[in-house]
Each structure stands twice: as structure tokens, then as C-alpha cells.
Amino acid sequence: MLDRSLNAEASAPYFGRADGAPVGWAVSTGYVGYEAAVAAMEARAAAIAEGSAGELVWLLEHPPLYTAGISAKSADLLEPDRFPVFPTARGGQFTYHGPGQRVAYVMLDLTARRRDVRAFIAGLEAWIIGALEQFNVTGEIRDGRVGVWVERKVSGAPTREDKIAAIGVKLRRWVSFHGVSLNVEPDLSHFSGIVPCGQTEHGVTSLVDLGLPVTLDEADAALMESFAAVFGPVERAQAPI
């Protein structure tokens with residue numbers, strides 16, 4: 001049985017700005033180092049809070065690495081020497097980032113939108129779900145589990161659920177940073193070095209693993225369209241680094 005599902009058009013909150021100002025939309029080419037990305041992201045979030053910079057969604061790829069959120073348990077790092085491990089201020093536990101995964105760092109001013117953390121998280125979920133719908137993939141959310149999930153039905157076997165997108169955010173002065181990651185075509189074996197997000201009963205998947213030969217560019221286009229439906233208009237912007 002489905003615990004809960006969210007349709008981006010029908011159920012998601014509209015989390016746009018009252019003034020309708022567009023959000024900058026930047027895409028980096030090549031791999032961006034994690035520490036440099038976090039430093040640039042935190043600087044931009046601080047500038048947004050001060051009113052000296054506009055909101056920004058920053059899409060990028062990282063080289064293979066693990067991050068440990070504020071709730072990470074040391075026992076969930078199964079292979080500590082496999083890839084670099086970075087402590088991070090975002091919520092959540094251990095996660096993997098690497099090639100073929102689209103990371104979207106989301107720097108939004110909730111004061112200009114709505115100071116409602118639950119509605120903001122629901123908006124992030126709806127954003128991802130709306131993007132997946134463009135590839136005829138049904139993304140779902142589950143009570144007690146962060147992220148977006150898909151059901152895997154195989155004839156003669158029990159239905160299983162795999163995670164296709166992770167969400168981990170931080171708010172400072174009501175400006176968000178960190179964000180979401182969508183598995184487009186990463187090496188899924190790289191997740192085996194951790195217990196992803198503390199989940200031992202469920203696996204991970206990607207668009208390509210689901211049999212969909214989606215490129216990062218195609219995923220970006222879907223993410224842009226879905227983001228605009230939930231959070232409002234975007235405009236092309238330069239990446240912070």
C-alpha cells in the first residue's frame with residue numbers, strides 16, 4: 001500500500017515569492033570539489049540574507065565522495081577509506097555524491113516567500129516528483145523517510161522501494177542552502193560504502209537503472225520546468241565558482 005504520494009500539480013504548495021522575482025539558475029560543467037562548493041554556497045546564502053545577492057539554484061556534479069549530515073551514525077560508514085568523507089551542516093545522515101548524479105544546491109530566501117519549513121520541504125519534494133513525471137516515473141514520499149522513492153515491481157517477487165532522490169537542507173537567517181540530489185546515471189555500487197540515509201531495508205536507484213537513458217542535460221531541463229511550477233520563474237545565472 002502507498003503511505004502517501006504527492007502530485008506536483010495538485011497537492012504541492014506554491015512556494016513562490018510575493019514579488020514574483022526570478023531565481024537565478026546556474027549549471028556548472030565538470031566536477032566541483034565539495035569543500036569549495038560549500039564555501040561558495042554559504043557565502044551566497046549569507047549575501048542573500050544581507051540583501052546583496054539574489055536567490056540561486058546551482059546545479060553541479062561532485063567527484064565521488066560521502067557526506068555525513070548532522071544525524072550521521074559512525075556505524076553507517078561501512079567503507080571509510082573508499083572515498084573522501086566530509087562532515088556537513090545539512091540535516092540527515094550519510095549520503096553519496098558523484099558523477100552521474102545531479103546535485104542542486106538551493107539558496108532561497110524564505111522571508112521573501114513563506115517562513116514555513118514544512119511547506120518548503122514539501123515544495124522540494126514536489127519539485128523532484130514533477131521532474132520525474134516528465135519521464136513517466138512516479139516519485140513518492142513516505143512518512144518517516146526523507147527523499148523521493150519509486151516502487152519496483154517484479155513479477156513473482158515482493159514490491160520493493162528504492163530511493164531515487166535525496167533531500168538535505170539547512171536554514172540560516174531563513175535562507176536555505178544545501179538542497180537535493182537526483183540519481184540520473186551514477187555508479188550505484190558506490191552507495192555500498194555507506195548505509196544511505198540510515199535506511200537498511202530499502203535500496204537506491206536511478207533513471208538509467210529504471211531503464212530510461214536520460215542524460216544530465218535532459219534531467220536539468222525537467223528540473224527547471226518543475227522548479228518553476230513550484231517555486232516560480234527562473235533566469236540563467238553564472239555559477240558561484
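# Reading helix packing, salt bridges and phi

Me: Helix H2 passes helix H3 in a right-handed crossing. At what angle do H2 and H3 pack, and how far apart are their axes?

Reply: Please keep in mind that this is a predicted model. H2 and H3 pack at an angle of about 140°, and their axes are 8 Å apart. Only angles over 145 degrees would count as roughly antiparallel, and H2 and H3 are therefore oblique to each other. The contact is made on the H2 side by Phe120, Gly123, Leu124, Ala126, Trp127, Gly130 and Ala131, and on the H3 side by Ala222, Leu223, Ser226, Phe227, Val230 and Phe231.

Me: How may the length of helix H1 be checked, and what span should its 17 residues have?

Reply: One compares the expected span with the distance between the end C-alpha atoms. At 1.5 Å a residue, helix H1 (residues 34-50) should span 24 Å, and its end C-alpha atoms are 24 Å apart, which agrees. Just after H1, Gly51 has a positive phi of about 85°.

Me: Which residues of H1 are buried, and what covers them?

Reply: The buried residues of H1 are Tyr34, Ala37, Val38, Ala40, Met41, Ala45, Ala47 and Ile48. The elements that cover them include strand E2 (56-61), strand E3 (65-68), strand E4 (85-87), E6 and E10.

Me: How should I read a salt bridge, and how many does the structure hold?

Reply: Side chains of opposite charge can pair when their charged atoms come close. The structure holds 14 salt bridges. One of them joins Arg102 and Asp220, with a distance of 2.7 Å from N to O. This pair links distant parts of the chain, 118 residues apart: Arg102 belongs to strand E6 (residues 101-107) and Asp220 to helix H3 (residues 216-231). Arg102 and Asp220 are both buried.

Me: Where in the chain do Arg152 and Asp162 lie, and are they buried or exposed?

Reply: Arg152 and Asp162 form a salt bridge whose closest N and O atoms are 2.9 Å apart. Arg152 lies in strand E8 (residues 145-152) and Asp162 in strand E9 (residues 160-172), 10 residues apart. The cut-off for a buried residue is under 20% relative accessible area. Arg152 is buried because its value is 17%, and Asp162 is buried because its value is 1%.

Me: What are the relative accessible areas of Glu79 and Arg82?

Reply: Glu79 has a relative accessible area of 33%, and Arg82 has one of 30%. Elsewhere, a network of salt bridges links Glu140, Arg142, Arg145, Glu151, Lys153 and Glu161.

Me: Which residues other than glycine have a positive phi?

Reply: Most residues other than glycine have a negative phi. Asn136, although not a glycine, has a positive phi of about 60°. His178 also has a positive phi, near 60°.

Me: Where do Asn136 and His178 lie, and is each buried or exposed?

Reply: Asn136 is in the loop between helix H2 (117-133) and strand E7 (140-142). Exposed means over 50%, and Asn136 counts as exposed because its relative accessibility is 74%. His178 is placed in strand E10 (residues 175-183), and it is buried, with a relative accessible area of 2%.

Conventions
Residues are numbered from 1 along each chain as its sequence is written. This is a predicted model: local features need pLDDT of at least 70, side-chain atom pairs count only at pLDDT 80 or more; totals for chains, interfaces and linings use all residues. Side-chain values use heavy atoms; hydrogens and water are left out. A salt bridge is a side-chain nitrogen of Lys or Arg within 4 Å of a carboxyl oxygen of Asp or Glu. Buried means under 20% relative accessible area, exposed over 50%, partly exposed in between (1.4 Å probe, protein chains only). Helices (H or I, at least four residues) and strands (E, at least two) are DSSP runs, numbered from the N terminus. The expected span of a helix is 1.5 Å times one less than its number of residues. Contact means heavy atoms within 4.5 Å. Axes are lines fitted to C-alpha atoms, for helices over the stretch in contact, and angles run from 0 to 180 degrees between N-to-C directions. Angles under 35 degrees count as roughly parallel, over 145 as roughly antiparallel, 65 to 115 as roughly perpendicular and the rest as oblique. A crossing is left-handed if the near helix is turned anticlockwise from the far one by less than a right angle, and right-handed if clockwise.
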